[in-house]
Amino acid sequence: MTEYDYVIVGAGSAGCVLASRLSNDRNVTVALLEAGPGDTHPYVHMPRGVAKLMSMPTHMWFYTTRPEVHNAMKPDYWLRGKVLGGSSSVNGMVWVRGQPRDFDDLAALTSADWSWERISRAYEAIENHQLGPGPARGGAGPLRISLPTFRNALTEAVNAAGAKMGWPVKEDVNAPDDGAGVGYMPRTIWKGKRQSAAVAFLKPALQRPNLTVITGAITHRVLFDGTRAVGVEVLRNGQRQQLATRREVLVCAGAVASPGVLERSGIGNPERLAALGVPLVHASPAVGENATEHRALRMQWRLKRPLSLNTAFQGWRLPLSVLQYYLTADGPMSGAAIDMRACFRSTPDQERPDIQTQFGLFSWDLQGSGSALEREHGFCAVTNPIRPVSRSSVHIRSCNPQELPEITANYGSAVQDRADTVAAARALRRFANQEPLASLIKSETLPGSAAQSDEEILAALDNYGCAGMHTVGSCRMGKDTASVVDPQLRVRGVEGLRVMDASVMPFIPAGNTNAPTLAMAWLAADIIQRTRA
Ligand SMILES: Cc1cc2nc3c(=O)[nH]c(=O)nc-3n(C[C@H](O)[C@H](O)[C@H](O)COP(=O)(O)OP(=O)(O)OC[C@H]3O[C@@H](n4cnc5c(N)ncnc54)[C@H](O)[C@@H]3O)c2cc1C
C-alpha cells in the first residue's frame with residue numbers, strides 16, 4: 001500500500017490550497033485525491049463556458065433536494081464541481097470576502113485562528129488584485145482577481161440608482177466594513193481565463209516530487225486502526241484501492257460530500273449508521289446536520305434598449321462572441337456570471353445589511369427550460385438573505401460512494417428568511433424606480449407587477465428561485481463538544497482526521513463562499529503544521 005504523510009480527499013477550493021501549502025515542505029509527501037477528471041476542458045477556462053458546464057455530468061455533481069414539506073417549492077439543484085479545482089472550476093467566479101464581523105463571530109464560536117485579523121491576512125497573502133494592495137486586499141498573491149471590463153449605460157444606471165437608495169457606490173465592494181453598497185463585482189478571472197484553485201494554487205506545485213495528484217478516484221471511506229485514521233479506500237476505474245497515511249487524512253470533499261465520507265467511515269448518528277450497516281467508529285449526530293444554503297429570488301426586468309448581453313449568447317452572435325474571445329481574450333465570453341453586487345438592509349431597522357443582490361446583464365427564459373436566455377433584452381437580480389436562518393441536512397442513503405446523498409433543504413422552515421426575501425423584493429422595486437435606471441426599464445417581468453402580495457412574491461421564490469450554491473455547515477466546527485470538528489478542524493472522537501472545506505463553517509460568511517473557503521484553507525495549513533497528529 002502506498003503511504004503518504006497527508007492524504008487529501010477532494011481537489012476543490014480547499015483541497016488545492018492545502019495540497020499546495022503542505023507540499024511546500026519538501027520533507028512531507030502529499031496525495032491529493034479527486035473524484036472528477038483533470039481540468040483540461042476548454043469550458044472550464046473560458047469564463048462563460050460555465051453555462052455549458054452546468055449540464056455536463058462529467059464535471060458536475062447534480063445533487064438534488066427532496067421536495068419541501070413547508071411549501072410548494074420545487075426540488076432544487078445543489079450543484080457542485082466534480083473536476084480538479086472542484087467548485088472553483090465551475091463556479092460563477094465572483095469574489096466576495098465576507099465581512100469582518102462574520103469572522104469575528106466565527107472566532108467567538110471557535111478560536112482566534114479564524115478571526116478577521118487572521119482571515120484578512122490570509123486574503124492579503126492570497127490575492128493578486130487588479131486594484132493593488134489595500135485594506136485587507138492583496139497585490140502579490142497567487143490568485144488573480146480583476147474587475148469587469150464591460151460597462152455601459154445599464155451598469156452605470158445600477159450604480160446611480162443604488163446611490164439614490166442610499167447605498168454607497170464602491171470601487172471595491174469587498175472593502176472591510178459592514179458590506180453596505182453597490183458596485184462592480186470582482187472576479188477570479190485574469191486575461192479572460194478562470195482563476196480556479198487548481199490554476200492558482202495547485203498548478204504551480206504540480207512539479208514537486210512530494211505531491212501526487214490522482215484524478216478519477218472516489219474516496220469510499222477512511223480506514224481506521226481503532227480510532228486512528230490510517231488511510232483511505234478509494235474506488236478508481238472500478239477497482240478498490242487503499243492508500244495509507246503516516247500523519248493525517250484531510251477531508252475536503254465539500255459541504256455536500258464530506259458528511260458522506262465521514263458517515264461511510266463510521267462517524268455520524270449511530271442509529272442512521274446502524275440502519276445502513278456501517279460499523280460505528282464515533283457517534284457524532286451533528287454530521288450532515290446544520291447545513292445552510294442561500295435560496296435566492298430571481299427578479300427580472302425587460303429593457304427598452306439593447307443594453308444586456310442576452311443576444312451575445314444566442315443565434316449567429318454566439319460564434320462571433322466565441323471568436324472575439326479567442327482573438328482578444330475579451331468580450332461577452334470573458335465575463336463572470338454576475339457583473340454587479342448590492343448589499344443593503346431589507347428594512348431600515350435591520351442592525352446591519354442583511355440582503356445580497358447579484359446583478360446579471362442577462363435574463364432567463366423561465367417559461368422555457370429555465371436555462372435558456374430571453375430573446376428580448378433584460379437583466380436580473382438574484383437576491384437572498386445573507387444570513388439565512390433555515391437549516392438543511394445532508395446524509396448518505398447507502399454505503400455506495402457513487403450514490404448521491406439525500407438533501408433536505410428545509411428552506412421554508414424559517415419564516416424570517418421568507419419575510420426578509422419579500423422585504424428585499426420590495427426594496428429592489430424601489431431601486432428599479434430610481435432614475436436613471438427607471439427610464440431604461442420597460443417592465444418588471446419576474447415576479448412581474450401583478451405579484452404584489454407577500455404570497456405572490458413568495459410564489460415566485462418557490463417556482464423560480466434557485467440555490468446560491470453556497471452550502472456550508474454540514475461538518476460544523478465549534479468549541480462545543482457537539483460540533484463535528486474542533487477549532488483546529490480535528491474530527492472529534494478520532495485521531496489523524498480533519499475536515500477542511502465549506503462544510504466546517506457554522507454559518508455562511510456574508511456573501512459567497514469561494515473566497516472564505518480559500519482563506520480558511522490557507523490558514524488551515526498553518527494550523528495543521530502547528531498541531532499535527
Ligand atoms: C455552480 C456554482 C457556482 C458558484 N458560484 C460562486 C461564485 O461565483 N463565487 C463564490 O464565492 N462561490 C461560488 N460558489 C461556491 C464556491 O465555489 C464553493 O463554496 C467552494 O468552491 C467550495 O469549496 P470546497 O473546497 O468546500 O468544495 P469543492 O470546491 O466543491 O470541492 C470538493 C471536491 O471534492 C470532490 N469530491 C467529492 N466527493 C469526493 C469523494 N468521495 N472522493 C474524492 N473526491 C470527492 C469533488 O469532486 C470536488 O472536486 C459556486 C458553486 C457552484 C457549484
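Predicted model: local features only at pLDDT ≥ 70, side-chain atom pairs only at ≥ 80, totals over all residues.
**First stop: the ligand and its shell**

Select the ligand and display the residues around it; there are 38 of them, and the closest are Ser13, Glu34, Ser87, Thr219 and Thr513. If you colour this shell by residue class, you will find 17 nonpolar, 16 polar and 5 charged residues. Several elements contribute to the shell, and helix H1 (13-22), strand E4 (77-81), strand E11 (217-225) and helix H14 (514-530) each supply at least two of its residues.

Now look at the oxygen atoms of the ligand, and begin with Thr513, where an N or O atom of the side chain is 2.7 Å from a ligand oxygen. How much of the ligand's accessible area does the protein cover? On its own the ligand has 1,000 Å² of accessible area, and the protein covers 96% of that.

**Second stop: helix H1**

Select residues 13-22, which form helix H1, one of the elements that supply residues to the shell around the ligand. This helix is mostly covered, with 9 of its 10 residues buried; among the buried ones are Ser13, Cys16, Val17, Leu18 and Leu22. To see what these buried residues pack against, display strand E1 (2-9), strand E2 (30-33), helix H7 (197-202), strand E10 (211-214), strand E13 (239-251) and H14.

Go to helix H6 (residues 153-164) and pick out Thr155. Is this residue buried or exposed? Thr155 is buried, because its relative accessible area is 0%, and the cut-off for buried is under 20%. The side chain of Thr155 reaches the backbone nitrogen of Asn152 at 2.9 Å, and a polar contact of 2.8 Å also joins the side chains of Thr155 and Tyr184. Leaving aside residues up to four places away in sequence, Thr155 touches Phe150, Tyr184, Met340 and Leu361.

Select Met185, which sits in the loop between strand E7 (181-184) and strand E8 (189-190). Met185 counts as buried because its relative accessibility is 0%. When residues up to four places away in sequence are not counted, Met185 touches a set of residues that includes Val94, Ser146, Pro148, Ile338, Met340 and Gln358. If you draw a line from the C-alpha of Met185 to that of Leu361, it spans 12 Å, although the two residues are 176 apart in sequence.

**Last stop: the cysteines**

A disulfide is a covalent bond between the sulfur atoms of two cysteines. How many disulfides does this model have? The count comes to 0. Select Cys343, for which the nearest cysteine sulfur, that of Cys380, is 18 Å away; Cys343 counts as buried, at 1% relative accessibility. Then select Cys466, whose sulfur is 9.0 Å from the closest cysteine sulfur, again in Cys380, and so is too far for a bond. Cys466 also counts as buried, at 17% relative accessibility.

Methods
Residues numbered from 1 in each chain as written. Heavy atoms only, no water. Near = heavy atom within 4 Å. Polar contact = N/O pair within 3.5 Å; in protein donor to acceptor, adjacent residues only side chain to side chain. Areas by Shrake-Rupley, 256 points an atom, 1.4 Å probe, with all protein chains shown as cover. Helix = DSSP H or I, 4+ residues; strand = E, 2+ residues; numbered from the N terminus. Nonpolar A, V, L, I, M, F, W, Y, C, P; charged D, E, K, R; others polar. Disulfide = S-S within 2.5 Å. Buried < 20%, exposed > 50% of the residue type's maximum accessible area, 1.4 Å probe, protein only. Contact = heavy atoms within 4.5 Å.
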